[in-house]
Amino acid sequence: MSENADIYRISTPDNREIVLVGTAHISKVSKDLVKETIETENPDTVCVELDEGRMKSLKEPDRWKNTDLKAVIKNKQLATLIANLVLGSYQKRMGAQTGVKPGSELKEAVDVAEGKNVPIVLADRDIKITLKRTWACTPWYRKISLLGGLFGSIFDKTEISEEDLAKIKEQDALSSMMQEFGKTFPEVKQVLIDERDQFLASKIKNAPGNKVVAVVGAGHMRGIASIIEENKELPSEESISVIPKGAPIWKIIGWAIPIAIVASIIAIGCQAGIEKAGQLSLQWAMLTGGGAMLGTIIAGGHPLTVLVALVAAPFTGLTPLIGVGFLTALTQVYMRPPRVQEMETLSDDIWQVKRWWKNRVTRVILCFLCPGIPAIIGKILAIFNIYQAF
């Protein structure tokens, strides 16, 4: 360890030097340290904890305001966008308390390197892949806790200062925090921390030049240093960039349930008559459709969106391929397209519950999320009625 606890120097067997700079993404001290380190060290290459998408976002901060929500929904990427919005907005809110924009130290590293004509290596894995792998690798029973924690962060009013950041960045405290996090969400830690440590270490280790400065989050510094110093065998970048497919059993269950529901209604119809089958079918439509319609009304959906929820839910409830929220969100964005100023205020509006129904973007998100749960409740009640009919 060097004279500065936020800097770690590594000498490799081939006489190269790697200088790791551990930062907090909303810290002015980190921003200044990055600039000073690059100017002092005069590296051959600068590595930054960024992927291409985040690099573009830092260089063109207003680019995301032109997001085509229709395309996002059609490509089934709205859930990823929501996670990105919450995480990004949380960092922005924390940054507002310290007076530093999130990722300023990474942008500083890029700007200083470009000013000195030093090659830059984007060393992080694509954030969309990380989020998708996190979700895919998390067991269903832990996904509830994960969503609860993500949702709970919206109501977290904790303030943070540079002094608090300094304490958070202390290596012992950080290691302890990561261990505790790993006990609660081992699969999440594996994807968010361990895999990215490996990905970052591989990029940094293979960066050209005899001296490399790598600017990374303080939480990754120890893991990266350990991997490079101990020359640990690393998995291929491709192997930790693939989205795992769900277990076949869930696909089988996903189709088995609706097939069983339809088969049961047909069987009851053969035994008790078409009138009874029609009654159960109507109950299915009213309970699932009515539940989805109620959720859409709560979300403040357009009247046509409410109608789509009522009509579509009985059918989407019989297929695992598409959820009613997909159709209601798509209808809402066509009927009430967001205004430019609403995209501009989105990162602030998302933290104020009373403004969720005023911003058209958050209302689209509500129309995506709200119909699902009451539709599922209606589905359970309808299945119970079919069971009783036997």
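## Helix α1 and threonine 37

Helices here are DSSP runs of H or I with at least four residues, numbered from the N terminus. In this predicted model, one such run is α1, which spans residues 28–41 and contains threonine 37.

Is threonine 37 buried or exposed? Buried means under 20% relative accessible area, and threonine 37 counts as buried because its relative accessibility is 4%. Apart from neighbours within four places in sequence, threonine 37 is in contact with Ile7, Val19, Val21 and Val213.

## The five-stranded sheet

The strands form an open sheet of five, in the order β1-β2-β5-β3-β4 and with mixed pairing. At the edges are β1 (7–11) and β4 (120–122), each of which pairs on one side only. On average, neighbouring strands of this sheet are turned by 20° against each other, direction ignored.

Strand β2 (residues 17–23) runs parallel to β5 (residues 211–217), and seven bridges join the two. Within this pairing, leucine 20 stands opposite alanine 214 of β5.

## Helices packed on the sheet

Helix α1 packs on the sheet and touches β1, β2, β3 (45–48) and β5. The direction of α1 makes about 165° with that of β2.

Helix α5 (residues 104–115) also packs on the sheet, where it touches β2, β3, β4 and β5. The direction of α5 makes about 160° with that of β3.

Isoleucine 10 has isoleucine 18 in β2 as its bridge partner.

Together β1 and β2 make a hairpin, with five residues between the strands. Asparagine 15 lies in the turn and has a positive phi of about 65°.

## A nonpolar surface patch

Which residues form the nonpolar patch on the surface? They are Trp140, Tyr141, Ile144, Ile249, Trp250, Ile252, Ile253, Ile257 and Ile383. Together they have about 950 Å² of accessible area.

Two helices, α7 (140–152) and α12 (248–272), each supply at least two residues of the patch. The largest share, five residues, comes from α12.

Isoleucine 252, one of the patch residues, is found in α12. Exposed means over 50% relative accessible area, so isoleucine 252 counts as exposed at 53% relative accessibility.

Notes:
Residues numbered from 1 in each chain as written. Predicted model: local features only at pLDDT ≥ 70, side-chain atom pairs only at ≥ 80, totals over all residues. Heavy atoms only, no water. Patch = residues over 30% accessible without salt bridge, like charges linked within 9 Å, V, L, I, M, F, W, Y side chains within 5 Å. Areas by Shrake-Rupley, 256 points an atom, 1.4 Å probe, with all protein chains shown as cover. Salt bridge = Lys/Arg side-chain N within 4 Å of Asp/Glu carboxyl O. Buried < 20%, exposed > 50% of the residue type's maximum accessible area, 1.4 Å probe, protein only. Contact = heavy atoms within 4.5 Å. Pairing = 2+ DSSP bridges. Axes fitted to C-alpha atoms, helices over the stretch in contact; angles between N-to-C directions.
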